[in-house]
Amino acid sequence: MASKDHVGIEMVMGGDNSSVSSKTKKNLMKNMIVFGEKVRRFPGLVWHTVRKVGREDPRRVIHALKVGLSLALVSLLYLMQPLFKGVGENAIWAVMTVVVVLEFTAGATLCKGLNRGLGTLLAGSLAFLFEYIANECGQVFRAVFIGAAVFVVGAAATYMRFFPYIKKNYDYGVVIFLLTFNLITVSSYRVENVLKIAHERFYTISIGCGICLFMSLLIFPNWSGEDLHNSTVGKLEGLAKSIEACVNEYFNDQIEEEVSLEKESEDPIYKGYKTVLDSKSTDETLALYASWEPRHSRHCYRFPWQQYVKLGAVLRQFGYTVVALHGCLQAEIQTPKSVRILFKDPCIRLAKEITKVLMELANSIKNRRHCSPEILSDHLHEALQDLNTAIKSQPRLFLGSNSNQASNMLALAAVHARQKNEKDHGVSLSSVKTDSSALLEWKTKRTSEQSKENERKVLRPQLSKIAITSLEFSEALPFAAFASLLVDIVARLDNVIEEVEELGRIACFKEFNPGDEIINVTCSKPQVDVTQNHLPSHGAD
């Protein structure tokens, strides 16, 4: 009997093992099929990414070719025998210089190239001076002197990096100064002819910087100032598109209450103001590099880069209101369509007038001309007046028809709040029971701490919504917030217009002509953020 049982158990176990192995094989085959599909699609995905990056900004392709050509030119110092005899093995420093210095824009290349050259020159000069002093002393004093010099210069240069002006403009140069000084000074104690090596390295670095400047300034140059100028135009157009699309979507038949993060990234409203909110560091970096660039325009325009930074700060403040306006579309409590339709026409008219103003500002900066004197036209004030009249014509929506009824609603909300407090604390405030039956009833309701926490989590949002929706004017509250933000956007237009007019005055924009005012009501697609992937990396090599 025991043997039969044992055999049966083995059969069951064998059957289980076979089923597990079959499942494992199926999963393995499925994973292999998925992996093979990914491998098959990989070349197409790579090609799609390459085309997408190039189409977004064709200058990226040109910059890549410029870097490749620059590296090929400096490689000739190694490949050609006459050049290799003159430069020697230090030609590798020219290759490193091209890799580090050559940036996407001419301003960034000038900033890093001049910082690298100036830092190398100052470090070499100071190292020569210390080497001359150390050679006049004994071997022991020479070692002490070199150690003390490295300590003092390293501490002083590092402390100078905390100065705001130096950190902003010459931080990379100070790093190169420290690196070069320590290499020359410390190596001079053990290596002979270190000064000759320093001379050769300085020459090769100069050759590398010269090739970088030649490629950046003369071969299809990309100017940081033009990028900052175009990005400002794109931000104004993006804000105009966001406002118009937001108002149109608010008065559509359906408003999506929940928007996933993936869908939000594809939302045109979100795309319009995202560039504005993320532009602070980009604007400051482009303005810094633009200050290094020479006047390159045929008309020698003056570009007040700090004014562009100020305008960007005002646009970010303006963009925060647009974000709040967009948030009204995803509010938990929405105004019914029957109420929203009463204010649809004046709100859409007002949004179109705001769009016209922002597009006129974008066109004025794009064409480098002053704004129209009638940029705030009578149509904008008429749209505001129509919205005000429409709101005043529906006082019951915002004030309530009966104050006593409203008071009763408030009292009802207070009762719900009190009931919530009672359930949270386990005490009845309306009638305090002291008998055993009340105690037993209370204990049965609170059987465990876990049920208590779960009940709190359920009751809290329910009671808060009951208290809000019981108010008579709650249906109009979301639209009141939406209308208030729309009016606030109109008020903030004055600040944007003032900064744009100040920019035109400082930059000597041409005067406005009546024929120059060409505004598209339907916003064009915002320009690609040309600075997104082109800001240089601050390395120490």
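Q: What counts as a salt bridge here?
A: A side-chain nitrogen of Lys or Arg within 4 Å of a carboxyl oxygen of Asp or Glu. The model is a predicted one.

Q: OK, how far apart are the closest N and O atoms of Arg161 and Asp171?
A: They are 2.9 Å apart, and the two residues form a salt bridge. The pair links distant parts of the chain, with Arg161 in the loop between α6 and α7 and Asp171 in helix α8.

Q: Is Asp171 buried or exposed?
A: Asp171 counts as buried, at 19% relative accessibility. Arg161, at 27%, counts as partly exposed.

Q: How many salt bridges in the whole structure?
A: The search finds 16. One of them joins Glu131 and Arg142, with the closest N and O atoms 3.1 Å apart. Glu131 is in helix α5 and Arg142 in helix α6, so this pair ties together parts 11 residues apart in sequence.

Q: And which residues are in the network?
A: Asp57, Arg59 and Asp227 are linked by salt bridges.

Q: Switching to Glu499. Where is it?
A: In helix α22, which covers residues 477-506. Glu499 is buried but has no salt bridge.

Q: Why no salt bridge for Glu499?
A: The nearest side chain of opposite charge, Lys310, is 4.4 Å away, and a salt bridge needs the atoms within 4 Å.

Q: What else does Glu499 touch?
A: Leaving aside neighbours within four places in sequence, its contacts are Gln307, Lys310, Leu311 and Val314.

Conventions. Residues are numbered from 1 along each chain as its sequence is written. This is a predicted model: local features need pLDDT of at least 70, side-chain atom pairs count only at pLDDT 80 or more; totals for chains, interfaces and linings use all residues. Side-chain values use heavy atoms; hydrogens and water are left out. Helices (H or I, at least four residues) and strands (E, at least two) are DSSP runs, numbered from the N terminus. Buried means under 20% relative accessible area, exposed over 50%, partly exposed in between (1.4 Å probe, protein chains only). Lys and Arg count as positive and Asp and Glu as negative; His and the chain ends are not counted. Contact means heavy atoms within 4.5 Å.
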